[in-house]
Amino acid sequence: MRILLVEDDKNLGQATADGLRGLYATDWVRSAEEAQDALATTSYALLVLDINLPGISGLELLQDLRHKKNQIPTLFLTARDAVRHRIEGLNTGADDYLVKPFDLDELLARCAALIRRSGGQALPVITHKNIAYEPASRHLEKSGKSVRLSSREAAVFDCLIRNIDRPVSKEKIMESVYDWSSEDIESNTIEVHIAALRRKLGRDLIKTIRNVGYIIPK
Amino acid sequence: MKRTYSLRSRLITWISLPILIATLLTVLISYIFARHEIEEVYDAQLVHSAKVLLQLTHHEILEDEKFNLGLEDPDLQHRYERKLGFRIWVDNDPISQSTNTADFKDFEAPPGFSNQTIGKHRWRFFVFLDPADGIKIEVSERYDIRYELIIQLMSALILPALFFIPTIVIVVWIGVRKVLHPVVRMSVDVDQRSSDDLSPIAHDRLPQEIAPFVQALNRLFKRLEESFRREREFTDHAAHELRTPLAAMKTQTQVLIKKAGAMEQTGGISECAEGLLNLETSINRATHLVEQLLLLARLQNEDLPKNKMDLSACVLGAIEDIRRRAAHKNIHLKTKIMPGLYIHGHDISVGILLNNLLGNAVKYTPEGGSVDITLEADGTLCIADTGPGLNDQDKVRVFKRFVRADKSGQTGSGLGLSIAQWVAHAHDVQIELSDHAPTGLSVKIKWDILPASNSKAI
């Protein structure tokens, strides 16, 4: 689950990226041009877009994306709360908006809702066998008891449970777990996280498909 | 514009008055000239008559015939003749006189022209003396003849004037109306537009005299609109420039609070958590102040399009917004809202006004108090709390910007009531503050409710 944040203000961008990284792998860029490059090379689950950017504006970027039939869910951030600005943003193709300054929890909740919707999953809780998982908060319960996962473990689990009954390659898991800020990427780290998940949730939950990746079967 | 005057009536006066004066002068001068000429002609006739009579008398005396001038033949009479008379003396003996001179008795006029009133009539005399033969001829004529002629001449002048003068005034009135039409149309146009309509005045075919005025007005409108636009842009800019750093602070603080929370759980440092929460509160206060400032600036710069809106629903919505806060302070909300009351207003700003007033009521009411909210059928909205209330001086002061009456340390921007006041002004309603027994403040607003028939129609 990887998010692209486009925000030109250094402090706000840094803080928002930090806030988002608690739940999602987050790439932060500071201009629409950089965002276009990032979107071309990586697949993101959500775009968090500031409207007022130097150079190409957020609205123009969004217009361009929609023109290219890119359906990426988009939440725009704006400092202008006049109704006409919000309408303009939504009409251009954004799915939701927040007016600065926003509440971090609200931003996370809206991001979760947008990602959930785009996956065709309207329910806020995913249940599988004896496991209940709430993607918005990364809260996980096994047989009614809360299980603590590290953020990396949660990201790996999130990626697998969303693709339930479909094999997911190791590369795809890497992409959705690590953003550009991650420093601890080593080829065997995914295996480490999978091992931790098996220990906490049960041995049979995640199966390994040799030379392909991992799967949570139905 | 202390004293106004009507261009139309001034124009009508200044065009009609000279015409009237000219007409009167014409009549007066004609009268003087006519009278003078008539006097001369009639006097000449008198002299002529005297001469004829003298010739006749000479003739009669020489012939020594019985003196009969045969002037009294009834067939030869003219109606004016009764007003003409003569008397003839020879050697001081009266020898002949016309019948209508009987009233003169022994009055004798002096030689030459003279005037004399005899009986009811005024007469003009001419006496001619022929000393050689001792003949004295007196011809007389009643003034009525002359008066009649003058009156007839004058009537011929005055009667048409009596008809022409009203006609001229009416034509002038219509003409002036036509000429002033563009001016009237323009003033109606300016008068009817709403206070924020700054579109230029249409000016196809304007008279030269008012064209510069209209152009100046349009230039002013343009400048005003420009400055309004710039102010709006400024507000937008200010919003962006203020909100972005606030957002950065807020988000950063919240990220830190989360991290501190996580550390606490794992037994890490926690002393900074409280400081971070205080920081967040301060940021929220600053944010609230900025929001209120921007709101006030925006309300004052943007036009508020007014429509038919459901006041009852708006009040209920505002009550819902404060319900949670009230419950948090254990404040009892007593509401009695008359449903289906409509006003002509701007829903967003009315909502802001209600939120501010209700928010204040909840904020200043102590724990366990109550807030009464009633909306009656006549449009009277009353919000009464059991807070500390306000003294009379503060009741006036609180509407000013950045004035906060309470010293209880409640957070607030000091703008809420001035925003409410501003919205109330924009809707032509008054916010009345009064004491609420036994303690507290009562806020009253009397809205103009649209008639029920009107609300059914839409």
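**Close-up views of a predicted two-chain model**

**View 1. A:Asp27 and A:Arg2 are both buried.** In this model, which is predicted, the two residues form a salt bridge with each other, and their closest N and O atoms lie 2.9 Å apart. A:Asp27 belongs to strand 2 (residues 25-29) of chain A and A:Arg2 to strand 1 (residues 2-6) of chain A, so the pair ties together parts that are 25 residues apart in sequence.

**View 2. A salt bridge joins A:Lys100 to A:Glu7, with the closest N and O atoms 3.2 Å apart.** The pair links distant parts of the chain, since A:Lys100 is in the loop between strand 5 (96-99) and helix 5 (104-118) of chain A, while A:Glu7 is in the loop between strand 1 and helix 1 (10-21) of chain A, 93 residues apart.

**View 3. A:Lys170 forms a salt bridge with A:Glu191, and the closest N and O atoms are 3.0 Å apart.** Helix 7 (residues 170-177) of chain A holds A:Lys170 and helix 8 (residues 189-201) of chain A holds A:Glu191, so the pair ties together parts that are 21 residues apart in sequence. A:Lys170 is partly exposed, because its relative accessible area is 24%, and A:Glu191 is partly exposed too, with a value of 32%.

**View 4. In chain B, several charged residues are linked in a network of salt bridges.** The members of this network are B:Glu39, B:Asp43, B:Arg124, B:Glu141 and B:Arg146.

**View 5. Aromatic rings pair within chain B, as B:Phe107 and B:Phe125 illustrate.** A search of the whole structure finds eight aromatic pairs over all chains. In the pair of B:Phe107 and B:Phe125, the centres are 5.4 Å apart and the planes make an angle of 55°, an arrangement described as tilted. This pair links distant parts of the chain, for B:Phe107 is in the loop between strand 2 (93-97) and strand 3 (112-118) of chain B and B:Phe125 is in strand 4 (residues 121-130) of chain B, 18 residues apart. B:Phe107 counts as partly exposed because its relative accessibility is 24%, whereas B:Phe125 is buried, with a relative accessible area of 0%. Both residues also belong to one aromatic cluster, which B:Phe104, B:Phe107, B:Trp123 and B:Phe125 form.

**View 6. The rings of B:Phe113 and B:Phe126 have their centres 4.8 Å apart and their planes at 40°, so this pair is tilted.** The pair links distant parts of the chain, with B:Phe113 in strand 3 of chain B and B:Phe126 in strand 4 of chain B, 13 residues apart. B:Phe113 is partly exposed, with a relative accessible area of 37%; B:Phe126, at 10%, falls under the 20% cut-off and is therefore buried.

**View 7. Lysine side chains sit over aromatic rings in chain B, among them B:Lys136 over B:Trp89.** The charged end of B:Lys136 is 4.6 Å from the centre of the ring of B:Trp89. In a second example, B:Lys308 lies over the face of B:Tyr342, and the distance to the ring centre is 3.5 Å.

**View 8. Chain B and chain A bury an area of about 1900 Å² between them.** Carbon and sulfur atoms give 55% of this area, and the contact takes 22 residues from chain B and 23 residues from chain A. Within chain B, the residues that lose the most area to chain A are B:His240, B:Arg243 and B:Thr251, which together account for 26% of what that side buries.

**View 9. A:Asp105 and B:Lys258 form a salt bridge, with the closest N and O atoms 2.8 Å apart.** Two salt bridges are found across the interface of chain B and chain A, together with five residue pairs in polar contact. Which helices of chain B each supply at least two residues of the side that touches chain A? They are helix 3 (211-265) and helix 4 (271-301) of chain B, and helix 3 of chain B gives the largest share of that side, 18 residues.

How values were computed:
Residues numbered from 1 in each chain as written. Chains lettered and ligands numbered in written order. Predicted model: local features only at pLDDT ≥ 70, side-chain atom pairs only at ≥ 80, totals over all residues. Heavy atoms only, no water. Phe/Tyr/Trp six-rings, centres within 6.5 Å; stacked < 30°, edge-to-face > 60°. Helix = DSSP H or I, 4+ residues; strand = E, 2+ residues; numbered from the N terminus. Buried < 20%, exposed > 50% of the residue type's maximum accessible area, 1.4 Å probe, protein only. Lys NZ or Arg CZ within 6 Å of the ring centre and 35° of its normal. Salt bridge = Lys/Arg side-chain N within 4 Å of Asp/Glu carboxyl O. Contact = heavy atoms within 4.5 Å. Buried area = accessible area lost by both parts, 1.4 Å probe. Polar contact = N/O pair within 3.5 Å; in protein donor to acceptor, adjacent residues only side chain to side chain.
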